Amino acid sequence: MKYLILIYSNPMSREIWEGLSDDQRTVGFKSYAALNDDLRASGEMIVTEALADPSLAKRVTVREGRAMTTDGPYAEAKELLAGFYLIECESMERAIEHAARVPEAQLGLVEVRPVLDLSALEM
Amino acid sequence: MTATRQVEVLLRDLAPQVLGAVVRRYGGFDTCEDAVQEALVAAAVQWPTEGVPDNPKGWLITVASRRRIELWRRDAARQRREETVAALAQPAPVPPPGVDDTLTLLMLCCHPSLTQASQVALTLRAVGGLSTAEIARAYLVPEATVAQRISRAKQRIKTSGAEFTMPPEADRSDRMAAVLRVLYLIFNEGYTASSGEALHRVELTSEAIRLTRQLLARLPEDGEVAGLLALMLLTDARRPARTRPDGGLVPLAEQDREQWDAGAIAEGIALITRALASAPIGPYQLQAAIAAVHAEAAHAEDTDWWQILGLYELLHNIAPGPMVALNRIIAIAMVHGPREGLDRLAAAETDPALAGHHRVHAVRAHLLDMAGDREAARATYRLAARRTLSVPEQRYLESRAAQLPPPDRPRPGTDPDAGG
């Protein structure tokens, strides 16, 4: 089964991050590096990316065949997607174990979603 | 058959034999497996244009051996470590006569230190002769993911100290169960994919059938191996009838049975009949027997549900699980009526193994539909569609809901949520 682990940021988490010392940030980066290594080693990693700042995001709207963009969402929005992992593992429980290692999970900002697949049981 | 396809079939048959020979000569399962894989790739490129050599197995062993030595030199030069030399100095023991490498390989690939996904990937590559890219395509994951899975699996086997020999007698039945489970998973992955990238995945069902046939040829008296092969053949026989041209699913009861593969059904029924008469009963044999009862009914309404219910009772006793529990309830409903099925479902739902299982909603919707409770069936099909993890199943459940008329609009002044 594939699972998407979504990592959000909110004003509180951004404030905490900005208040961290270099050493404290290094601890955060190391947790990510260890998680990435473990997921690659176990063969469960499919892809992981961190997203650029939300101020660089564009919202796309198509009207009469023409694509128009607006800036945003803005940083004051309450929760913004900051990064994700797409993993493949045996169960939701296992996916949750991995998600719990994401530092943002300590702030309640990590979500696990099962991915729909093309399989179908005999009916 | 094209030249490329012919070569592919030949290479997949030879893969485990070549790997066995190279491991016995040089030792070191992990490096040998890489070397054999490279020899297979070289052959897949050269043979279709240059022709198949007179002794294809010998050619592969020679090329893989050369590669094995190169890989060892490279590692040795990089590491200069004593243990590498020591490892090379200990080739796998010479096989006692009559022992077959394919069986040894299957058991090694299904080593208990590996996750199921790794057992599957390693089995497909080392025993099935599939490339990492082919496995990745079949499982819709990136090649790097499969490559990691395989190399990590080989490392784990190495550190666990497992050798290229048959596991000790005491471990054999557990290991055999793991092998059958892996073959079953490979089959299921290919079979349950009903649309989209399905083309690549059909190959997984034929690969699983091929490997199970090889296993049965080595263990002809094993009832569970025969049962698994029968189950695969009887299930795969329905493939032509189970999808619509648009990729939508056709449930068993609505399939055009004329389209079923009569040859596969005859072979499956012969296998399971013989196994049931001669071997101790097991879960694969029971599932095959159930599939055989369905196969024997010319029309859905001719199905012998009493017999199916009896078989599910047995299966429920020896190998309980959520799917068996749900299928048993469907059989109860077919024999004793949908209301009885709904009562059993309500009772079974308190079992933690079943509570919250998404298939519970699909089964309830089906039973409500059978009972003629259209409104409740419609709502429950919708709920089941929201809770499933499968796209084709979602489409199927949505279409069932759409076939039932919507409930009457509430009269003005009544609150549909009030009461009840």
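Author: A quick definition first: a crossing is left-handed if the near helix is turned anticlockwise from the far one by less than a right angle, and right-handed if clockwise. Keep in mind that this is a predicted model.

Reader: How many residues of the contact of H12(B) with H13(B) are nonpolar?

Author: On the H12(B) side you'll find, among them, Ile265(B), Ile269(B) and Leu276(B), and H13(B) brings residues including Ala288(B) and Gln285(B). Two of the contact residues are polar and none is charged, and the nonpolar count is nine.

Reader: What about H5(B) and H6(B), how do they lie?

Author: H5 (residues 101–109) and H6 (residues 116–127) of chain B pack with their axes 9 Å apart, at an angle of about 155 degrees. Angles over 145 count as roughly antiparallel. So H5(B) and H6(B) are roughly antiparallel.

Reader: Which residues of H5(B) make the contact?

Author: The crossing of H5(B) with H6(B) is right-handed. H6(B) joins in with Gln119(B), Leu122(B), Thr123(B), Ala126(B) and Val127(B), while the H5(B) residues are Thr102(B), Leu105(B), Leu106(B) and Cys109(B).

Reader: Now chain A: which are the edge strands?

Author: Four strands of chain A make an open, antiparallel sheet in the order E2-E5-E1-E6. An edge strand pairs on one side only, and in chain A that gives E2 (45–50) and E6 (110–114).

Reader: What is the bridge partner of Glu49(A) in E5(A)?

Author: Strand E5 spans residues 80–88 of chain A, and E2(A) pairs with E5(A) in the antiparallel sense over five bridges. Within E5(A), Glu49(A) has as its bridge partner Phe84(A).

Reader: Last one: what distance separates the centres of domain 1 and domain 2 of chain B?

Author: The domain assignment gives chain B domain 1 at 1–92 and domain 2 at 304–408. Taken over C-alpha atoms, the centres of domain 1 and domain 2 of chain B are separated by 50 Å.

How values were computed
Residues numbered from 1 in each chain as written. Chains lettered and ligands numbered in written order. Predicted model: local features only at pLDDT ≥ 70, side-chain atom pairs only at ≥ 80, totals over all residues. Contact = placed C-beta atoms within 7 Å. Helix = DSSP H or I, 4+ residues; strand = E, 2+ residues; numbered from the N terminus. Nonpolar A, V, L, I, M, F, W, Y, C, P; charged D, E, K, R; others polar. Pairing = 2+ DSSP bridges. Domains from an automatic or database assignment. Axes fitted to C-alpha atoms, helices over the stretch in contact; angles between N-to-C directions. Parallel < 35°, antiparallel > 145°, perpendicular 65-115°, else oblique.
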